[in-house]
Amino acid sequence: MSFLADWFVHNSLAVLLCTATIVSTLWLFRANGRLGLKPWQIALLAVTHTLLGLLSVKLFAVIEGLGDASAIGNMSLFGGMAFLPIFYAALARFGRLDVSDVFDVLTVCLVGTLFFARINCIVSGCCLGAFIPGTGIRYPTRELELVFYVALLAYLIPCVLSGRRRGQVFPIYMVGYGYFRFLTEFFRVEEAAAGPFHGAHLWSVIAVVLGCSILAEFSFDKGRE
C-alpha cells in the first residue's frame, strides 16, 4: 500500500489527467447529440482537450510570472478560461459545428478537468489556504473549490443536455468562477500580493466583467426577438 501511495503521489498529475480524459470522453458520448461526432473523433477530442488544457494553465502561469521560464512547472487554472476558447472557436469553424454547441459541451469538459487538477493541488501540497488566525488549521480553499465545481457541474450538465441557456454555459462558468475565486483568494497563500489582493483577484474581476457582458448581450438579443 505504501508503494502504491508513493507512486500515486509522484505520478498524481498524470493519473488525474488521464482520469479527466476518460470522464470527458464519457461526457462527450453522452452529449454527442449536440455535436454529432464519430466515436474516433470523440476520443481524439477528449485527449486533445486535456493536453491543450494542461498547456493553457502552464502557459498562463508563465505569463503570471512575467515570462519566468521556471514558472512552467506551475499551473494557473485561469489559463483554461483564457486560451481554450480559441480552440473551441477553431473547432467550430473548421469542424463545421455550431459554436454554441461546442462551447456548451466543452465547458463541462473544462470544469471537470479543473476539478481533477485541483485534486492534484491537494496531493502535491500546493495552492494552500492561509492559516486561520489563532489556530494551526488552514482555510480549506482547495476543498471548497472542489465543492464549487461539483455544484457548477450539477447546474451546467442539465442545461447542456436540455439545450437550456444555449450558448451561455461558458460565460456562466466565467462569472461563477470569477466570483468564487475572488472571495476565496483572500484566504489563500500567495507570494505576489499587494496588501490583501493577489494577481488572481484581477483575473477574477476580468472574468466576471467579460462573462456578465456576454450574458447581457444574450439578454439584449433575446429582448429584440
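## Helices and the model

Helices here are DSSP runs of H or I with at least four residues, numbered from the N terminus. The structure is a predicted model.

## The second largest pocket

Three helices each supply at least two residues of the lining of the second largest pocket: H4 (78–94), H7 (169–184) and H8 (199–224). H8 gives the most, with five residues. The space in this pocket comes to about 190 Å³.

The lining consists of Phe 60, Phe 78, Met 81, Ala 82, Phe 170, Met 174, Trp 203, Ile 206, Ala 207, Leu 210 and Ile 214. By class, the lining residues are 11 nonpolar, no polar and no charged.

## The cavity

How many cavities of 30 Å³ or more are there? The count comes to one. About 110 Å³ of space lies in the largest cavity. It is lined by 14 residues, and those closest to its centre are Gly 53, Leu 54, Val 57, Thr 113 and Leu 114.

Helices H2 (12–30), H3 (39–64), H4 and H5 (99–124) are the elements that give two or more residues to the lining of the largest cavity. This lining divides into 10 nonpolar, four polar and no charged residues.

## A nonpolar surface patch

Phe 3, Leu 4 and Trp 7 make a nonpolar surface patch of about 390 Å². Trp 7 is found in helix H1, which covers residues 2–10.

Is Trp 7 buried, partly exposed or exposed? Trp 7 counts as partly exposed because its relative accessibility is 45%, and that class lies between under 20% for buried and over 50% for exposed.

Terms used
Residues are numbered from 1 along each chain as its sequence is written. This is a predicted model: local features need pLDDT of at least 70, side-chain atom pairs count only at pLDDT 80 or more; totals for chains, interfaces and linings use all residues. Side-chain values use heavy atoms; hydrogens and water are left out. On a 1 Å grid over the protein atoms alone, a cavity is a set of points where a 1.4 Å probe fits but cannot get out, and a pocket is an open set with protein on both sides within 12 Å along at least five of seven lines; lining residues have an atom within 4 Å of a point. Grid points are joined across faces, edges and corners, and a volume is the space filled by probe spheres set on the points. Ala, Val, Leu, Ile, Met, Phe, Trp, Tyr, Cys and Pro count as nonpolar, Asp, Glu, Lys and Arg as charged, and the others, Gly among them, as polar. Patches are made of residues with over 30% relative accessible area and no salt bridge: like charges are joined within 9 Å, nonpolar side chains (Val, Leu, Ile, Met, Phe, Trp, Tyr) within 5 Å. Accessible areas come from the Shrake-Rupley method with a 1.4 Å probe; for residues, only the protein chains shown count as cover. A salt bridge is a side-chain nitrogen of Lys or Arg within 4 Å of a carboxyl oxygen of Asp or Glu. Buried means under 20% relative accessible area, exposed over 50%, partly exposed in between (1.4 Å probe, protein chains only).
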